Amino acid sequence: MAGSQAGINQGTQLTRGAGVRIGTRGSPLALAQAEMVKAALAAAHAPLAQHGAIEIVIIKTTGDQIQDRALSEIGGKGLFTKEIEEALLADAIDLAVHSMKDVPTRLPDGLEICCLLEREDPRDVLISRSGNSIATLPQGAVIGSASLRRQAQLLALRPDLKVVTLRGNVGTRLAKLAKGDADATLLALAGLKRLGKADVATAILDMTEMLPAVAQGAIGIEIRAADRRMRDLLQPLHHRATEIAVTAERACLAELEGSCRTPIAAYAEIAADGQLHLRALIAKPDGSAVHRDARQGPVADAERLGRDSGRYLKSLAGPDFLA
């Protein structure tokens, strides 16, 4: 996943290709993230900025087109990346910008995530019309969410709550909440910060209440594996600590063979002691069973740590849990 350490010849990079075409979804958050990558590339490579050689290409995905059903019902998280990856393989774009939590653990042949930007705050927030915490939500409150991970953890804490499907981009969900479609909703703090809307949060949820989605808050950049030029251009943007944490979390997810149909959460961070600390859980969608794991190890063993955690959770859950 790490970018190449090769140097960049800024004087010749524009002659080796027609600038940089950044593929992205068209939601406000996806565009904000693509603009972050564009700005970072321009800052790292002056000729690209001077020649206006960085273009953002909007690609509509299946996940964007179907808004009336939960992702678990229509095929999972790959619905937000499929069309963008097809454009990348067809050389219609040079790189793809993804929220890493939307990226399946298995990528199409010929593609790879070569760069991760520094991770934003990975926590979830509660946005509520009544009650300033999960504990103080009214009895039987209706919570709007399309995430089985959030649903499972909410119901494990408060079985009396009712969770209804609430999809759409951040603005759409906030509008539905204001209209009264639900009493509260949960969103990622990272997305709200990138949209300048962090002030709408009623409460930032502690990870003991709501463990984040795998790689939540991380932006990944996908390229064609054979494209050395893109790899070199992106190397200065790569954040090693984010790569280490995301590697552990995605290894855990891969071991569990999880998708949007299975409530799985994981978060890894390099602690003050220099060790990588990982927390993970797997749950039933109704919150009736939650299995947790916490472990630590050397940062060099990030993938092994994640896989060991996934195997342990699978052993706790038993063979029928993921069925």
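Mentor: A polar contact is a pair of N or O atoms within 3.5 Å; within protein, one must be able to donate a hydrogen and the other to accept it, and residues adjacent in sequence count only if both atoms are side-chain atoms. This is a predicted model, in which local features need pLDDT of at least 70, side-chain atom pairs count only at pLDDT 80 or more, and totals for chains, interfaces and linings use all residues. Residues are numbered from 1 along each chain as its sequence is written, and side-chain values use heavy atoms, with hydrogens and water left out.

Trainee: Which backbone oxygen lies 2.7 Å from a polar atom of the side chain of R173?
Mentor: That of G168.

Trainee: What is the nearest side chain of opposite charge to R173?
Mentor: D102, at 8.3 Å. R173 has no salt bridge although the residue is buried. A salt bridge requires a side-chain nitrogen of Lys or Arg within 4 Å of a carboxyl oxygen of Asp or Glu; buried means under 20% relative accessible area, with a 1.4 Å probe and protein chains only.

Trainee: And which residues does R173 touch?
Mentor: Leaving aside residues up to four places away in sequence, R173 touches R150, L166, R167, G168 and L187. Contact here means heavy atoms within 4.5 Å.

Trainee: Changing topic, how many disulfides does the search find?
Mentor: Zero, across the whole structure. A disulfide is a pair of cysteine sulfur atoms within 2.5 Å.

Key:
Buried < 20%, exposed > 50% of the residue type's maximum accessible area, 1.4 Å probe, protein only. Lys, Arg positive; Asp, Glu negative; His and termini not counted.
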